[in-house]
Amino acid sequence: MNKRAIFSGMRSNIFAGFVVSLIAMPLALGLAIASGFPPIAGIIASVVGGVVVAILGGSHVTITGPGNGLVVVLLGAVTVLGEGDMQAGYLYALAAVILSGVLLLLFGFLRFGSLSDFFPATAIQGMLSAIGITILLKQLYVMFGDLETKGSALELFLGVPALITSLFTEGTTGQWYAAGIGVVSLLIMVFYSKIRSRFFHLVPAPMWVVLLALGFDAYFSFVGGGNPISKALLISLPENLLGGVPTPNFSKWTQPAFWGVVVSITLISSIESLLSIKAVDKLDPQKRRSNTNKDMKALGLATIVSGFLGGMNVVTVIARSSVNVNNQANNRSANFFHAAFLFIMVLVFQDQLRRIPLTSLAAILVYTGYKLAAPAVFVRMYQIGKEQLLVFLTTLISTLLTDLITGILIGLFATFIVHVLLNKAFWLFSRNLLKPNVLMYKENETQNYYVGIIHFCTFLNFYKLKTKLDKIPQNERAVVDFSLCSFVDHTVQESLQNYEELFERKGGALEIIGLDIHETDSSHPFAVRTLRPLKKLRVFGGGRTKRQLQLEALAHEKGWIYKEAAATQKRMLRDHPVYQTTSVERVYNLIEGPNKRLSLFDINYSEGAFIAKENIQTTLLRVQLEGEIPVFSFDRELLLEKLSHLAGIHDIDFPDYPEFSRDFYVQGNNPKKIRAFFDAKMVSFFSAYGFYHIMSNGRELIVRQFLRPATPAEAAAMIEFGLALKEKIDG
Amino acid sequence: MQQKQYNTIVVGVAFSPNIQANVFEALRMSEMFNASLVMVHVGEKTSEKEAALTKIIAGFEGNPPPFRVFWRAGSPVEVLLNACTSERADLLILGAIKREGLLKYYLGSVARKITRNAPCDVLLLIKPSVNRVACASGVVNGLAHPKTEEAIDRAFYVLSNLGAQKLTIVEEIPEDSVAIKVDDDRSLRKSTIAKERIKLRENSRVQRLLNDIPEQVKENLELIVQPIFGRRGYSIGHYARVSRADLLVMNAPSKLTLWDRLFPHDLEYILSDLPTDVLIVR
């Protein structure tokens, strides 16, 4: 890299860091207050996190600092461990934060970077929504100037009308002003993205909230009379920001409650960080892959340092990171600059910060909480499937009623129960859970990576598939085949979608095949899909898979017809000697060309019966011809060997084309006609497409490539081949 | 190297719904390998059973090759193993059981015991058929193991006698042979290069093994070498299933302890869920 590139890169990172720091400051203060920590604790976490992770981290454009997922556990820790004394609770919580940092560091060394994959996506979503609801309800009270009310989520929810009426009946002027600022701040947060003004968007929404509060204060000091909001409702910062580090209190280390807190913090912070890193990788304009284990180590170390300085946990945060990316950050230095600006800002503007009312910060958090539990989340869950909504609500409610760890474990258990009920088979999971179920190799013929999965694939064993997928260079082509897999759940499909995007961004492709015949009763592409019970296979009541959508697009591109199910086609293979003995079970995903003379379809057929039965799923191309041609089979590997059992059929030699004769098997019962058919032009044409297996019954040709369904790209190539073949023969 | 020939084939005959298919497969095998056939029935010899067997064999198309029937009561495991030893069998044919309602096959406990202790090669049939179904392709392991050479050699012998066209030698390479852990783009690049290197090395090892096999045996079969990075004993079974191979040839493990049964490896993965017909070379 030359100097100019470094400098311009540096400049964009400095700018991005600055913009992020504007958002980070109010968020850090607000999150700390909501967690029951002193406001400065959030700033410490941001600054320490920014510096440590920028130097040691393994991701590229992420921003680190206090996270919203931790608010609930940390507040719980402070209240429970302090037994009512918030200051003592804070010191105990710091000890827990430090130990969770140690655990995170350990996770990093033990390469637990894929920990979040062990939890069902829906259960995690349910837990996050529960966190969102808790934050929303708690901060709603603060937003209206009520710092006293405590209670469970349900009590808080039921208390909201009383909260508002009490404000009208008993509220002081100061409280009125504070609540007013809170409500206006919330309106700013909600309508920020809807206001299309370039001037307005120069400053991020949380900063507008801060500016509003400062403007309010400035107005009253200008008019005289001072700020009407009482000191208790304003941010309190220590007199000397650089001195007076609190001493964490480790004395409760013998108590199980303390370790419960440590485990919860570790779990939530690692899940939040890993999910954020995964999401940010998809945003990175340079398409780099984050080293999650290295990042875990850096986050662990940063948390330890932050804890000793009196700060909160350091996690990777998604909202700030995406702002970072949007402002053209391109490496970790942006995280460092965000920390540096934050540090300077807090030092320079500490007097101003002390004038910000808690209500305006609470408004920011109410909005954050709402985002985690927005109705859109519920709707999405319902769209994916009713059972997902059930798991989601179970996790959400049990998290609200108990605690995060119990909640997510109940969610995990509920997901498993739903899977067992959907499949009506416990043994599918119990028998195969510990067995390896993934095969990956590079296909010699195509140089594609083939990944086959058998038994089942859910959150329980997704890590096995994931480890294999991670080893495929993402600029290559990969085919993931589920045709031998009975059950695939939502978590896996969502993660695979993620992989599809990553491959696509790097110029490769990851294609999923073998899912089209699985049963589902939802139209969402991520819905669970099961192959059981086999007998009740419906013909597509549910939604289409991505492959089906791609095939449909392929048909439409050509102006052809696409049909999911095509019952009338079942008989068509009977005229072909090779397929005579097979019984076609289903023909589906049919694409039909001009005048129905060309068609491509997936087919399920079986050979033999009862115990000797073998099921085959593949994609065939059928080319109907105008004239008569000889009956023959063309094959490089003699896979259509069955023909040789039929009377009078031999392998035919072509003395004029020794190479063609040596490389391919052409079989038929009329050597003379066949030799006449394969003239020089045909020989060179067929040689060029030697990887297809071609069957002619005199009137039409059946073309096959693999004994598995073709990927959309392969299907497109087959269609082109079919058109060329028809052109060549029909002339 | 002198190729082993199958001179004597032993098959266990039980009066199950599968009996006709099992008997026919055995008769065909004995025809194809030009070997003498011994049918072993565990149980008393009765005239009804004898008549039933004769009736079944009468349905065999063409002239059935000569065979002997061996009737003896006792424990199936002992009777069959003793018969193999006393008849100096080269090959023992056993049928597998299909898992209820599913396309999955496994070995019953009797067959499993016999497989572990048989003194000769064992052929496990998952779907014996009354009519001949041609065997088109086979898969054999290419592990770095002293017995591999013999397994490959036997695969050539058996497949060419069965009239197959294709043989795939699968080299299972343990994942941990690549020392580089994939964390990010750079480590991925390194590990991909390391894998390519290992593949080349393994391929040349297999080529050396193949050089020892006489040309005339090789020329009838199309040969493919497929390296796979994955769990030993598991990947080859899954590959055989995916590639729709008709026969999987494996070496018998050196020894099996209780430990192996608790923590399945190599052959155990395949025995617990047979992907296709399996020949175990001893």
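**Stop one: a hairpin in chain A**

Start by selecting strand β15 (residues 693-697) of chain A together with strand β16 (residues 700-704) of chain A: the two run antiparallel and are joined by four bridges. Strands here are DSSP runs of E with at least two residues, helices are runs of H or I with at least four, and both are numbered from the N terminus; two strands pair if DSSP finds at least two bridges between them. Before going further, note that this is a predicted model, where local features need pLDDT of at least 70, side-chain atom pairs count only at pLDDT 80 or more, and totals for chains, interfaces and linings use all residues. Residues are numbered from 1 along each chain as its sequence is written, while chains are lettered from A and ligands numbered from 1 in the order in which they are written.

Now click on A:His693, whose bridge partner in β16(A) is A:Arg704. Next look at the turn: two residues lie between β15(A) and β16(A) in this hairpin, and A:Gly698 in the turn has a positive phi of about 100°.

Which residue stands opposite A:Ile694 in β15(A)? That is A:Phe634. Four of the five residues of β15(A) are buried, so the strand is largely enclosed by the rest of the structure.

**Stop two: the domains of chain A**

Color chain A by domain: domain 1 is 3-384, domain 2 is 431-543 and domain 3 is 551-730. These bounds come from an automatic or database domain assignment. The centres of domain 1 and domain 2 of chain A, taken over C-alpha atoms, are 37 Å apart. Where the two touch, 12 residues of domain 1 of chain A are in contact with 16 residues of domain 2 of chain A (contact: C-beta atoms, placed from the backbone, within 7 Å). On the domain 1 side, select α5 (121-143) and α16 (375-384) of chain A, the elements that give two or more residues.

**Stop three: chain B**

Show chain B on its own, with its 10 helices and 12 strands. Its radius of gyration is 20 Å, close to the 19 Å that the globule rule gives for 282 residues, so chain B is as compact as a globular protein of that length. The radius is taken over C-alpha atoms, and the rule is 2.2 Å times the number of residues to the power 0.38. Buried residues make up 41% of chain B.

**Last stop: where the chains meet**

Bring chain A back: 29 residues of chain B are in contact with 28 residues of chain A. On the chain B side, select α6 (185-211), β10 (222-229) and α8 (234-242) of chain B, which give two or more residues each. The largest share, six residues, comes from α8(B).

Technical notes:
A residue is buried if 20 or more other C-beta atoms lie within 10 Å of its own, exposed if 12 or fewer, and partly exposed in between; C-beta atoms are placed from the backbone.
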